[in-house]
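Student: Could you walk me through how to read secondary structure, sheets, cores and helices in a model such as this one?

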Amino acid sequence: MLGASGVQAGKVVMQSAAGCLGSEQDRCNICNLGLCPKGITSQDPRLDRRLDPEKVAERLVDLFVSFDQELKKIVAPLGRSTSLPIGMSDALGITDRDAAERLQIRHVI
Amino acid sequence: MNKPTIIIPGMEKGLRVDSRVLEERIQKAVAEGHRSIEIIAQGQHGIGGRLWRAGSEPVTVRVMGTSGQRLGSMGSPNTTIDAVGPASDDVGWLNAGATITVRGNATNGVGNAMAQGKIFIDGDIGARGMTMTKHNPRFEPPELWVLGSVGDSFAEFMAGGVAVICGWKKEAEANILGYRPCTGMVGGKIFFRGRHQGFCEQDVRLAPLEDGDWQWLESGMKGFLAAIGREDLHPVLLEDRGEWRLLVARRPHEKADGPARTLAQFRRDIWEKELGTGGLIGDLSDLDRRPIPVITTGDLRRFVPVWENGKYLPPCQANCPTGIPVQKRWELLRKGDVEGAVNLALEYTPFPAAVCGYLCPNLCMQNCTRQNANLPAVDTRLLGKASIEAKPPEPAAATGGKIAVIGAGASGLSVAWQLYLRGHKVVLHDVREKLGGKMTETIPLSRIPDEVLDHELSRLSARIPHKRLRHALTEEEFLKLKKANDFVVIAVGARKPRIPNIPGVERAIPALTFLAGAKCGDAAPVGKNVVVIGAGNVGCDAAGEAARLGAESVTLIDIQEPASYGAERRHAEAAGAKFLWPRFTRAISEKAVELTSGESLPADTVIIAVGDAPDLSFVPEPIAQAKGSLAVNDRYQTSDPQVFAVGDAVKLGLLTQAIGAGRIAAETIDGMLRGRDQVYDKLPAVDPVRVKLEYYDPRAAEADEPVACSQQCASCGACRDCGLCEQICPEQAIVRRELEDGGYEYAVREDRCIGCGFCAGACPCGIWSLVENEPLE
């Protein structure tokens, strides 16, 4: 049911990192023609060599590292790290007091 | 008070109890208040887990017999499980607080993802023990105690908790930690005693055993050994503190990973090393994969400019049926070669003045590119009129080829002229004294001054012999002509009027007869009211002449919207002629033309102009005809290869079409006589959008003499050597080169050109074209 277009969190991050010119509102939308000006969806070496996969990877890493940095600012006051947060249900917090009471998780302001 | 111990058997009436049923019975026992339960297990799954119904009251589960998988999975903190034998996979899976003792070995996955509780193993464990365990700081960390050793992938992704591996009786073993322990471990501690073969250095490190750690180990060991009933081992295991070592997860900042490997390094050092050069598709492609910028040069350009000078015909020439290089003439004029410009036409037509200047509807002008920008077409008529002074070129050396041309009208004269220029011996055969056919006979004087036509005809008659026939040609005479000549060209025109089958039609005069009479002055007198049946261009000419000869009212009727246009139509309209359609003639009476509608048009004179057909009575049977005309191929050759046919005898058309047909036929005959294998491919017309008209001032007055006209010509498809491309190229990639033959060309320096297309955008003549580059593979 959900193609790549449906999974925004995955798709947009990849697209943005690759420099895609389209957006939900104003798409360039020629992905299917093999003429992608950024070389993302093209097999023509003159186009696809415009894409530097290493730079894309760097941008992706930068994104998640900065995301992690921000997350740390939130979870560090809760006494937790962001390393492998499997089962850290105690680190759940919510800004909505009622929801916090109902779910019996921490209320954070 | 607690109820006594309940024994729940795993077998019932000789059958094994299902895991689900056994679970229900255990839960029921707890609900009924039993806090001590003994299970005679038969390999049932998940025994002892999820007993939270007892609340904080402790529940003891003793497992006799054979435990199945997931012993104590999701165990509650109040539960103590004691399995008296070994256990299967996933002991304490997702353990949430139970204390689980296994008095024997346990297989894979012990303590997988447990969060709380303790697991005591009186033996060894299999692979993936203590994986993904975690520690919620609100509770005590989960613990796993193993008396012996552990299997492979121990503590993979361990995030919290403590594991203790005592290595009891494993002193002789080289590795008590298994293969690749601690991969991805981020939290928790592992105490071990014994030898090992390494662990994931990137994620964990050996830490010194502090006093606090030692105290914790000492006290914890007491509980473990008590649980498995081996208190006697306490002094043995803890005899030498130096035997114990401690593994802790590295903090993120301690991780020993240097700068990340770049993709390029990965490709070079790992990917291509394993898969060979080019990786997975190395055997299919050896293309360079390195990134390139958007703006590229050379092979990497997506589009490349091409200098297409003379690759396309200008629209004027492409649309001229005669094929006169109109634009070339303007070019010669621009270069100041007035004579050359004028003379050039004679190579293509014997009537550069009469036809181009007067009688032609000038398809060259109708198709002039300038009109796309609402600019007036370059006026070819001026150049045509000026061509009266053209000097004929010298004919080529005589070849001895003999050709008879039957009919000395426009098409016949065109063939004869072309063959004459090519050095062949050509003789015209016509019954009329004067050359020129319809041009001489029927085209009204108002359309063309006599002296122009006479001048051009005399140029022909002075050079080409004319054999006047005494009577219309017969089949026998035609065959004789054919025998005596290499080729015969039939150019008899269409002189047999089509007469519709209507009562009283004998009262009407055929248009050509009327026009011929009107021109030489011996026409029958024209009445007051004239009706012309058929409102084509011949009808219009007849109407104009009728008015000139004194008719007061001229009416043209047609069965459909009249097809007439151009000068003929304008002349008729200027003479006050009325056009009526659709009108169908029923009969022609003494004084009127009766129509099928019942209408009656008063008519003293009726002229029939519904078309003419060629008189082909002399043409022998084997030569194919179609719809009353001669059938020819695209080179105007009939079914008899020795016989060609051109002009109205093939298809009614314009003078210029007849002249063009004559030229093509003559070219073909010439080729055959010289034994050349001719290829007649005509260049395609230039796409008018390529020609830039922004350079021309729309306010400029229309040129009224040829030299001024030549300046207005856009030179479609032919380079004017203006150098604009050279100037405008942002990369200085365009260079002009002199050629050895005295010509020039503009070329592109591939190493500089970026394929921007400025040249194609700026070129006034549409020479430069930006085309897609050749595919790289």
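Student: How many helices and strands does chain A have?

Tutor: Helices (H or I, at least four residues) and strands (E, at least two) are DSSP runs, numbered from the N terminus. Chain A has four helices and two strands, which follow the pattern α-α-α-β-α-β along the sequence. This is a predicted model, in which local features need pLDDT of at least 70 and side-chain atom pairs count only at pLDDT 80 or more, while totals for chains, interfaces and linings use all residues. Residues are numbered from 1 along each chain as its sequence is written, and chains are lettered from A and ligands numbered from 1 in the order in which they are written.

Student: What share of the residues in chain A is buried?

Tutor: A residue is buried if 20 or more other C-beta atoms lie within 10 Å of its own, exposed if 12 or fewer, and partly exposed in between, with C-beta atoms placed from the backbone. In chain A, buried residues make up 8% of the 109 residues.

Student: In which order do the five strands of the open sheet in chain B lie?

Tutor: Two strands pair if DSSP finds at least two bridges between them. The five strands of chain B run in the order β17-β16-β15-β18-β31, with parallel pairing, and the edge strands, each paired on one side only, are β17 (466-468) and β31 (643-645). Strand β18 (residues 487-490) of chain B pairs with β31(B) over three bridges in the parallel sense, and V489(B) stands opposite F644(B) in β31(B).

Student: Which residues have the most contacts inside the largest nonpolar core?

Tutor: A nonpolar core is a set of buried Ala, Val, Leu, Ile, Met, Phe, Trp, Tyr and Cys residues joined through C-beta atoms within 7 Å. The largest one has 100 residues, and those with the most contacts inside it are V405(B), A416(B), V489(B), I490(B), A645(B), V646(B) and A665(B). A second, separate core of 71 residues includes I8(B), L144(B), L147(B) and W168(B).

Student: Why does the end-to-end distance of helix α16 of chain B agree with its number of residues?

Tutor: The expected span of a helix is 1.5 Å times one less than its number of residues. Because the 12 residues of α16(B) (residues 537-548) should span 16 Å at 1.5 Å a residue, the 16 Å between its end C-alpha atoms agrees.

Student: Is α16(B) mostly covered or uncovered?

Tutor: The helix α16(B) is mostly covered, with 11 of its 12 residues buried, and just after α16(B), G550(B) takes a positive phi of about 110°.
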